[in-house]
Structure formats: C-alpha cells, structure tokens
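The following paragraphs lead the reader through one protein model, part by part. Please keep the sequence and the structure in view while reading.

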Amino acid sequence: MLVAGRIERDSIEETARGLHSKAVLLRDLAAPYLSPGGPPAAELELRIQGLGREIGARLTVIAADGGVLADSDELPERMENHLGRPEIVAARQAGRGEASRYSDTVKARMLYSALQVGGDPPLGYVRTSLPLTALESRLADLRGRIAVGAVTAALIALALGFFVARGITGPLGRMTGAVHAIAAGDYTQKVPVDSTHEFGELAGAFNAMAGQLQERMQTILTDRNKLAAVLASMAEGVIAVDRDERIVHLNEAARKILRLQAGDLTGHKIWEATRTREVCDALAQALGSDGASERELRLVAPPRDLYVKLHASPLRGSDGQLSGAVVIIEDITDLRRLEEVRRDFVANVSHELKTPLTAIRGLVETLLEDPAMDEATRMRFLEKVHRQGLRLSQIVVDLLTLSRAESDGAVLDREHLDLREPALESARVLRASADDRRIQISVEACEGALPVKGDYEVLRQAIDNLLDNAIKYTPPGGQIWLRLKQEDRHALVEVQDTGIGIDPVHQKRIFERFYRVDKARSRELGGTGLGLSIVKHIALALGGRVSLESFPGRGSTFRIHLPLAQDLSKREATPTGA
Ligand code: ADP
C-alpha cells in the first residue's frame, strides 16, 4: 500500500504539472482579452470551449475582480465570483496556486491550477482543472491490482517458505529423532542421506559419527564384559571404591567371603556394606597418605572361621590423580589349615620317632654302663633294642609309603592288573598271623578279573594294612571276610571283621595320620597310626576312595573303591573319613 500511495502522489503531481503547463499556455492566450481594450470576451469564450475539448481539461478565465470571463464547460454568467477560491487566493499571493476540492459546479472532486495574469495589479487569472475521478478510479484499480499481487506474492512466499521449511525440518526432525535414540542407547540409528540436499553432507557426517560411536561403545562394552567376567570368575574377592569410599565394583567372591547381603551394593558406602572393620580401614588407608597395605585377619564365620589376607592399594587415573582404592581379599583358610596339619604332622612324627629312640638310648646306655651284666639280661635288653629298632624302621617305611602315595600318585607305577592278585597274595601272607590268633579269613572273590590300573606292591600294601588291622582289632576266634567284587563300574576290595568296632566319634578321623583310638593298644600291637592314612592316600592316588562302616562291639567293614581299568577316565575322588 506504500507503493499505491506513492503512485497516487506521483500521479497527482504529474496531473498538476500538466495542468500548470496548460495554465501557462492559457495565460498567454487569455492575456490580450484581459487587457483593457482587448478583444471581446465572447470570442475568448468560443476559443477556450474548443481548446478545452481538445486538450481534455476545463479552462476558466477570471477577471481581476473575480468574475468569470470565460469557461470551457459552464456559462460564465451562471458562475459565482471566484476570487475566494483557494487556488485563486494562492495565485493572487504567489503568482500561481493549486488546489484540489469538490466542485459544486461539476459535482466531482477536481484538481485546479491557477496563474495570475499580468503584474501588480493583476489583469486577471487563468485556471485549468481536471476531475480527479478518472485518476481516482485508475488508482483504485491500481490499488486492487497491487493488493491482489501482494496477496498472491504472500501466498507464493508462504508456499515456498512451507516447502523450504519442510525441506529443512524433515531431515532435522529425523536427525533429532536419531540423536534422541542414540542418547537413549540405541547406537544403530542412521538417518537417510540425500546427496542432492544440503543436509546430505550433515546426514553423512552424522551417520559416520553414530557409526564410530557405536564401535567405541561396542569396544567399551566388550572390554567391560571381559573385565566383569574376569572379576566374577576370580577366587579372590575384589572391592573397588571411589574417593568417597563408595563401592564402584564388588565381585561375587568378595560377597561370599565377607558374607555381604545380596543385591546391588554399587554406590553404597563401604562401611554400610560390610561390618568387617579391617576391610574399611584398609581401603581408607589406601585412599589416605599411607597407600598400599597388606594384612591378615580371621573372620568369624560359623561353622568354620575364615582366614583372609587383604591387599589394599590406591587406584590412580591416567592423569596420576587418585581416583579410588581397591582391596583384594584372599581366602587363605586352606593354606592356614595345611600349615596347621603340617605343623601337627612334624610334631607327631618327632614324637613317634622320639619314643623308640629314647627307649633305645636308655637300653644302650644301661648296657654300656653295666659291663658285668649277666648274659640273659643283656640278651633281653638287646632284643628290646632290636624291637624298638624294627618299630623305628616300620615308622620310616610307613612315612615313605605315605609320602609316595600323597604325592598324588605321580611316583606310583600304573600297570594293568587284576586287583584279585595282590589281594589274594596279601590274604595268603597274613593267613599265618590270623591263624596264630585263631581268626579265620574267608576270601570271596568274583569269578572274572577285576582290571584296575595301579601299582601291584602299593595295592598289596593297602590291602595288607586293612587285613592286618582286622586281625589286630579282632579278638581270638573271630572272623574276617576279604571280598573282591565289581560294583557301580568300580572294583571293590572289602575287608569285614567281627572285631571291636569303632565308635562313630572316631570314624570321621580314623584315616588321619597318626590318629589312633587307643594309642597304647596300637603301640602294643606294633601299629604306627599311619596304616589307614596310607590306605586312603593310595586309593586317592589311583583315582578311587575309601569308605567305612563300623559298629562298636560288632565289627567293621573297610572298603577300597577303585575305578575299573576300562573306565579310568571317570575317576571318583571323594574320600570319606579324614
Ligand atoms: P595303627 O597302626 O594304629 O593300626 P591305623 O591307621 O591302621 O593305625 O589305624 C588307626 C586306628 O584305627 C587304630 O589305632 C585303631 O584304633 C583303629 N582301627 C583300624 N582298623 C580297625 C579295625 N579293623 N577295627 C577296629 N579298629 C580299627
């Protein structure tokens, strides 16, 4: 509409200029008529009527007193005095005047241009005018066209804007969606790449970035899973905390050893998770200036206490800054027990060896001190020395056998043999001592061979020990059965007696080294307390096991279970007793 206003102004100005030019011409034409003594006004009337029609404007000549002398459109006598008309007033003052107003004479809005004719005093005035109606209707038409053009342009701009915006918001929307999905963890997101669009390059870069992100996340995930798997499968407990002593990682072993509650403890303060003060202290120390530390402690954990070793150390980031601490909890209970067993064993061996040695020393010293000892006493002393010597050597032999069997059978021969052979040989050799005690040995052997893989001598020794015990702990007149059979894909040696039996309290420990129900009786009978321990370890070394069934006062049944040779791969190694 700004344009329409401007055009209107320009058009009016242009029309006014045209009117002025015409007025100038009219002034020249009218001047002689206005001069005193000029041609008659009627002639002028005629001339300007013709001229007015030709140039398409209304022409008026006004006398100096305001009376209309001639007019191209109206009869002058019908027209009132024009001296007060604004354009005439202006012309009188400035030589020329313009005005635009409604004309009662022609009943339309008119544009006027007036000029003064002659100097001061003036001869009169000439005036040209045009109705503005035509101009106004042209302008209205123009305004209409401009409005239609503007609306059309606006609509086209709107439509263009819509399509352009859609072209931008579409890909942007898809990208925003993809970014949201990636933020939510879905790294497989891709946006379509339109190579003709400016967004094509951006989409390509975005997809490349998403791809790299996915790869990196995959690597991080794989590494994390590997680490988690390693930590989860560790026998040692691992607890890592951040600088605020909040748990960052805690593996299953740690949970088990420290008996922590189930559920995710990540983010909990360490002292909320465990009451074991030493663990909290070790971590606090590692976070403080003291750094790494090592300590051992005993955890009261019924039914059996645990011995654990704590290794705590600070954790540092790649920049060397302290980021937390980690404690590794090692269950050293078995190690401790083993040490205890070893200590007991050394004490026991020393004690067992000391008894005969002390006896021998005493006897020999007496012999040395008393050269005049009579022959019979000397012989008795020497016999005692001999017996103690035999006992010493028996203990050493048993210890060596035990050590051979305990070394997991590595030093044992593995030959294919029929288990019945060493068993029958053993029964044959020990039958004499059984007869001495009026004890009967009955052998019940299966018909077919009992193929096992083992060391003949060692197997014979194990069966010897069982038969020897049966003979020792069965009162005269008793009965012993040696049974050889196949059971559950195992070869079975069973030694049953009608002896004194073993109280259930002792049954559990009977296979331990040097364990004896009645020490004095065992010694008296020449026992070392190692026999059953040897049997157990031989069975274990050959992939088998031992078992016991005993009733005090009624007798005992000892069994050795060995894998059949053709089934050696499926070894059982579940010892009973010890
Ligand atoms: P020892 O040399 O004392 O016989 P063992 O290890 O062979 O040592 O046996 C350990 C203990 O088990 C024996 O001292 C004895 O108390 C008990 N024992 C072993 N065999 C029998 C059995 N057949 N009947 C009763 N008690 C037995």
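A residue is called buried when its relative accessible area is under 20%, exposed when that area is over 50%, and partly exposed in between. The model discussed here is a predicted one. By this scale Phe 345 is partly exposed, because its relative accessible area is 23%.

A search of the whole structure finds three aromatic pairs. A pair of aromatic rings is described by the distance of the centres and the angle of the planes. Phe 345 and Phe 514 form a tilted pair, with 5.7 Å from centre to centre and 35° between the planes. This pair links distant parts of the chain, since Phe 345 belongs to helix α9 (residues 333-369) and Phe 514 to the loop between α13 (504-507) and α14, 169 residues apart.

Another of the pairs, Phe 511 with Phe 558, is edge-to-face, at 6.1 Å centre to centre and 75° between the planes. Phe 511 lies in the loop between α13 and α14, whereas Phe 558 lies in strand β17 (residues 555-563), 47 residues apart. Phe 511 is buried at 2% relative accessibility, and Phe 558 is buried with a relative accessible area of 8%.

Nine of its nine residues are buried, so β17 is largely enclosed by the rest of the structure. In a regular strand the side chains alternate between the two faces of the sheet. In β17 both faces are covered: Gly 555, Thr 557, Arg 559, His 561 and Pro 563 are buried on one side, and Ser 556, Phe 558, Ile 560 and Leu 562 on the other. Strand β15 (residues 490-497) runs antiparallel to β17 and is joined to it by seven bridges; here Leu 492 has His 561 as its bridge partner. Strand β16 (residues 545-551) is likewise antiparallel to β17, with seven bridges, and Phe 551 is partnered by Gly 555. Three residues separate the strands in the hairpin of β16 and β17, where Gly 553 takes a positive phi near 85°.

Helix α14 (residues 519-524) contains Ser 522. Ser 522 is buried, with a relative accessible area of 2%. Apart from neighbours within four places in sequence, Ser 522 is in contact with Tyr 473, Arg 516 and Gly 527.

Elsewhere, five strands make up an open sheet in the order β7-β6-β10-β9-β8, with antiparallel pairing. Strands β7 (247-250) and β8 (293-299) are at the edges with a single partner strand each, so one side of each has no neighbour in the sheet. From one strand to the next the twist averages 20°. Within this sheet, β9 (residues 306-316) and β10 (residues 322-331) pair over nine bridges, and His 311 stands opposite Ile 328 in β10. Helix α8 (residues 277-287) lies across β6 (237-242), β8, β9 and β10, running at about 145° to β10.

The last stop is a pair of helices. Helices α11 (residues 420-436) and α12 (residues 456-472) pack at an angle of about 35°, their axes 9 Å apart, and their crossing is right-handed. The residues that meet include Leu 430 in α11 and Ile 463 in α12. The contact residues comprise ten nonpolar, two polar and five charged.

Notes
Residues are numbered from 1 along each chain as its sequence is written. This is a predicted model: local features need pLDDT of at least 70, side-chain atom pairs count only at pLDDT 80 or more; totals for chains, interfaces and linings use all residues. Side-chain values use heavy atoms; hydrogens and water are left out. Axes are lines fitted to C-alpha atoms, for helices over the stretch in contact, and angles run from 0 to 180 degrees between N-to-C directions. Helices (H or I, at least four residues) and strands (E, at least two) are DSSP runs, numbered from the N terminus. A crossing is left-handed if the near helix is turned anticlockwise from the far one by less than a right angle, and right-handed if clockwise. Contact means heavy atoms within 4.5 Å. Ala, Val, Leu, Ile, Met, Phe, Trp, Tyr, Cys and Pro count as nonpolar, Asp, Glu, Lys and Arg as charged, and the others, Gly among them, as polar. Two strands pair if DSSP finds at least two bridges between them. Buried means under 20% relative accessible area, exposed over 50%, partly exposed in between (1.4 Å probe, protein chains only). Rings of Phe, Tyr and Trp (its six-membered ring) pair if their centres lie within 6.5 Å; planes under 30 degrees apart count as stacked, over 60 as edge-to-face and the rest as tilted.
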